[in-house]
Amino acid sequence: MTDRSTVNDRLTPDPVVIENHRVLGVVPGIPPGGERKELEREEAVMVWPHLLVRHAVASLVVVGLVVLLAVLFNAPLREIANPNLTPNPEKAPWYFAALQELLAHFHPQVAGVLVPTGIIVGLAALPYIDRNPHLLPRYRKVAVATFTIFLVVWIVLTLIGFMFRGPNWGWVWPWQEWYGEL
Amino acid sequence: MSLREQLKELHPMQRFRESAIGRSIWRVPDPKTPRDAAAKHWASFFMHIYPVKMRKEEIGFRYSWYLGISSLVLFLVLVATGVILMFFYVPSPQSAYLDIQRIQTDLPFGQFLRNAHRWAAHLMVFVVAAHMARVFYRGAYKPPKEFNWVVGVVLLVLTLLLSFTGYLLPWDQLAYWAITVGAAMAGFVPFLGDISKKLLLGGPEVGATTLLRFYVLHVAVLPLLLALVVTIHLWRWRKDSMLSPARTEDDLPIEEFVPVKEES
């Protein structure tokens with residue numbers, strides 16, 4: 001039963017398929033290692049088409065969002081750069097607004113060096129610090145609480161630096177004066 | 001049935017696949033069993049980036065919110081729009097600002113391209129950060145995925161650097177002073193402050209050298225680096241995809257199969 005013709009193999013319209021496997025041969029007897037029982041795992045599905053179709057839809061939504069934003073809003077362009085004319089307030093890009101806000105309260109080496117370095121190193125070290133094997137939030141309260149506090153503080157600082165700061169880094173209400181730049 | 005007759009019965013696409021040219025392109029025959037489909041998946045350059053199979057719960061919106069793929073799509077949008085913008089932009093203080101004005105007014109769809117590049121860039125920073133938060137909350141940085149989380153942190157830093165270097169290029173007041181503020185932080189690094197600032201700016205303050213430096217970093221060094229690290233990130237994602245252990249009812253990992261003892 002050794003048909004080595006690969007072309008014929010490819011063209012065989014109906015291979016013997018049992019439980020999704022092409023049957024090559026049947027050996028009588030029990031396996032030498034004994035029967036193994038596989039614990040029930042979550043059902044696995046083929047990535048094509050199940051995931052790829054979803055990814056295609058997600059990609060179209062993202063591209064659509066970018067097109068919509070680009071049609072509706074123009075990117076800002078102020079006057080040409082002038083090293084002799086410092087604007088007030090001077091603002092860093094929004095993703096550094098939290099750091100800039102910290103700079104107003106702490107020594108630059110703390111806010112400008114220690115905090116960002118600490119965040120990056122801390123994030124990178126997270127999987128090696130948190131060795132709790134649980135996945136569900138209710139079994140990992142410390143990790144979830146710590147991360148959530150950090151996240152909320154960071155978002156609040158970013159919003160303050162971005163929207164609530166005006167000339168001389170003084171407090172402003174965004175609905176009265178707007179100094180945020182994207 | 002002869003081979004010729006069998007071929008005649010096939011669908012034209014299948015017939016092309018069975019031809020010498022078709023076989024050279026696809027490498028594997030048309031799939032008949034799931035195992036064949038998996039082999040076909042592996043044999044495809046584009047498909048092999050993905051794992052063949054995934055847990056059903058991991059492919060839905062609720063699991064990932066599709067933030068990883070969104071980051072990648074935004075990066076691709078940025079490469080596409082960025083390459084077109086490069087044709088019309090020269091990174092020198094004399095021409096940069098005028099080039100941006102010309103892109104907006106003279107280039108067909110120029111304003112749209114610049115807008116898309118700008119908003120996609122802001123979105124990418126946001127989506128990458130959100131991706132990280134989502135991965136945290138579902139505990140997807142746990143074994144065996146610890147190292148891929150670290151690779152993700154590197155990607156976050158690269159994304160921020162890409163956005164920051166791009167911010168200077170329009171050479172307007174907004175760009176100039178945002179970079180001045182941002183770069184001031186580099187000066188606070190103990191001992192290496194002056195050197196790191198000088199290395200970043202190419203001088204005591206933001207100038208022509210800074211613009212050229214940021215441009216080269218923005219269009220060549222950082223995107224290539226990001227593409228490389230993204231490749232590693234996806235490769236690890238695929239390698240680890242089915243390896244996270246199944247869970248008991250108490251949400252504890254089950255390490256391996258439980259062998260059933262032979263009765264004797």
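Visitor: How much area is buried between chain A and chain B, and what share do carbon and sulfur atoms give?

Guide: This is a predicted model. In it, chain A and chain B bury about 8,800 Å² between them, and carbon and sulfur atoms give 69% of that area. The contact draws 93 residues from chain A and 93 residues from chain B.

Visitor: How many salt bridges and how many polar contacts does the rule find across this interface?

Guide: A salt bridge is counted when a side-chain nitrogen of Lys or Arg comes within 4 Å of a carboxyl oxygen of Asp or Glu. By that rule, two salt bridges cross the interface of chain A and chain B. Polar contacts there come to 34 residue pairs, with both residues at pLDDT 80 or more.

Visitor: Which elements of chain A supply at least two residues of the side that touches chain B?

Guide: The helices are α1 (6-11), α2 (47-72), α3 (97-103), α4 (108-129) and α5 (141-163), and the strands are β3 (36-37) and β4 (44-46). Of these, α2(A) gives the most, with 17 residues. By residue class, the side of chain A that touches chain B divides into 58 nonpolar, 16 polar and 19 charged residues.

Visitor: In which sense do β4(A) and β1 of chain B pair?

Guide: The pairing of β4(A) with strand β1 (residues 53-55) of chain B is antiparallel and runs over three bridges. Within it, Met46(A) stands opposite Lys53(B) of β1(B).

Visitor: How many salt bridges does the structure hold over all chains, and what does one of them look like?

Guide: Over all chains there are seven salt bridges. Asp130(A) lies in the loop between α4 and α5 of chain A, and Lys142(B) lies in the loop between α8 (110-137) and α9 (146-168) of chain B, so this pair joins two chains. The closest N and O atoms of Asp130(A) and Lys142(B) are 3.4 Å apart.

Visitor: Which peptide bonds are cis, and which residue has a positive phi?

Guide: Such features are noted because most peptide bonds are trans and most residues other than glycine have a negative phi. In chain A, a cis peptide bond joins Asn88(A) to Pro89(A), with omega about 0 degrees. Pro89(A) sits in the loop between α2 and α3 of chain A. In chain B, the bond from Pro143(B) to Pro144(B) is cis, with omega near 5 degrees. Pro144(B) is in the loop between α8 and α9 of chain B. As for phi, Trp169(A) has a positive value near 60 degrees. Trp169(A) lies in the segment after α5 of chain A.

Visitor: Into which domains is chain B divided?

Guide: Chain B has domain 1 (1-37) and domain 2 (54-241). The C-alpha centres of domain 1 and domain 2 of chain B are 44 Å apart.

Note on methods
Residues are numbered from 1 along each chain as its sequence is written. Chains are lettered from A and ligands numbered from 1 in the order in which they are written. This is a predicted model: local features need pLDDT of at least 70, side-chain atom pairs count only at pLDDT 80 or more; totals for chains, interfaces and linings use all residues. Side-chain values use heavy atoms; hydrogens and water are left out. Contact means heavy atoms within 4.5 Å. Buried area is the accessible area (1.4 Å probe) that two parts lose on being put together, summed over both. A polar contact is a pair of N or O atoms within 3.5 Å; within protein, one must be able to donate a hydrogen and the other to accept it, and residues adjacent in sequence count only if both atoms are side-chain atoms. Helices (H or I, at least four residues) and strands (E, at least two) are DSSP runs, numbered from the N terminus. Ala, Val, Leu, Ile, Met, Phe, Trp, Tyr, Cys and Pro count as nonpolar, Asp, Glu, Lys and Arg as charged, and the others, Gly among them, as polar. Two strands pair if DSSP finds at least two bridges between them. Domain bounds come from an automatic or database domain assignment.
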